[in-house]
Amino acid sequence: MLVITAISIVRVRKLFGVVMLSGVFSLLSALLFVALDAVDVAFTEAAVGAGISTVLMLGTIALTARTEKKPSHSSLLPLIVVIITGAVLVYGTLDMPNFGAADAPVQLHVGPDYIERTPRDIDVPNYVTAILASYRGYDTLGETVVVFTAGIGVVLLLGSLGRRRRRNKTGAEDV
Amino acid sequence: MEHHLILRVITKILIAPIILFAFYVQFHGDFSPGGGFQAGIIMAVAFILYGLVFGLRQCKSVLPDWLVHRIMALGVLLYAGTGVAGLIAGGNFLDYSVLAQNPITGQHNGILIIELGVGVTVAAVMISIFYAFAGRPPRISDEDW
């Protein structure tokens, strides 16, 4: 179903439909994450991908155009590049351990360490939160700053700040 | 969208549970899936829904631009401030164990505060991005979609 949705996203020319389909795509991948027992990630994907980004995309196409332009050149070369990359990636997965295998490197390296230390150090039942907020506190701080920077960027570019200042300036001139 | 009666009524019913759920996800993040990021998004969705249905002007009268921008910075400061508080209390940056007598309580408090910082920032950023997009003039009428 993910594949079908992805193909229809590429095929559909009306951007409204594309935005809706990408929301569907996010929701489906959230389901996939639930099936893989990654509930936190699924939650984020559902909220961000299916919720917020759909609204923001709609806002964007309200400001720009509603239909895709016809591609000006043939899509053969990009298709070949994508197929080769995909083939290489699939080839790369061949010698990966089976999903959920107990002797996979993921399960042997830092995983057991965190599972052993979290009840002792932090004692919260949700290990994801413990790792994100405490052991990897720097990373999360960085992410927050990134979100903040993105917000500042959008505000400065599309700016409610600038317009207010301009209005203030004209108001001052009136006085 | 002032003429869509059903949307208006349903939105009014929905907003309170959405905000409540956001708080649940925020403060129950240690015990169940979720955390600051998701809670921030859900909180922002409540305001964006209000803005979509009742119009941007109404939404901005509830939560004006300047307040959103201040809140955005406040979240990051809250997070970084918790790190600095750890420094002052004699630990490393972002080491919550020193924030209370008992290291585990300290960790709990630290996680709660920084998650709040994350949530507040994410919510404010999303709302301000929505304001920035929705506040620009060339709007398409409902029929044009």
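Phe27(B) touches Leu112(B) and Leu116(B), leaving aside residues up to four places away in sequence; contact means heavy atoms within 4.5 Å. The model is predicted: local features need pLDDT of at least 70, side-chain atom pairs count only at pLDDT 80 or more, and totals for chains, interfaces and linings use all residues. Residues are numbered from 1 along each chain as its sequence is written, chains are lettered from A in the order in which they are written, and side-chain values use heavy atoms, with hydrogens and water left out.

**Phe27(B)**
- Phe27(B) lies in helix 1 (residues 5–27) of chain B; helices (H or I, at least four residues) and strands (E, at least two) are DSSP runs, numbered from the N terminus.
- Phe27(B) counts as partly exposed because its relative accessibility is 38%; buried means under 20% relative accessible area, exposed over 50%, and partly exposed in between (1.4 Å probe, protein chains only).
- Between Phe27(B) and Leu116(B) there are 89 residues of sequence separation, and their C-alpha atoms are 8.0 Å apart.

**Chain A overall**
- Chain A has nine helices and zero strands.
- Of its 175 residues, 23% count as buried.
- Among contacts in chain A with a separation of 6 or more, 40% join residues 24 or more positions apart.

**Helix 8 of chain A**
- Helix 8 (residues 137–158) of chain A has 22 residues and should span 32 Å at 1.5 Å a residue, which agrees with the 32 Å between its end C-alpha atoms; the expected span is 1.5 Å times one less than the number of residues.
- The buried residues of helix 8 of chain A are Gly137(A), Thr140(A), Leu141(A), Thr144(A), Val147(A), Phe148(A), Gly151(A) and Val155(A).
- Seen down the axis of helix 8 of chain A, these buried residues fall within an arc of 125°, so they line one face of the helix; the arc is that of the directions from the helix axis to the C-beta atoms.
- The face turned away from the buried side of helix 8 of chain A carries the exposed residues Tyr138(A), Val146(A), Leu156(A) and Leu157(A).

**Chain A against chain B**
- In chain A, 46 residues are in contact with 50 residues of chain B.
- The two chains, A and B, bury about 4300 Å² between them, 74% of it on carbon and sulfur atoms; buried area is the accessible area (1.4 Å probe) that two parts lose on being put together, summed over both.
- Helix 3 (39–63), helix 6 (111–121), helix 7 (127–135), helix 8 and helix 9 (160–174) of chain A each supply at least two residues of the side that touches chain B.
- Helix 3 of chain A gives the largest share of that side, 15 residues.
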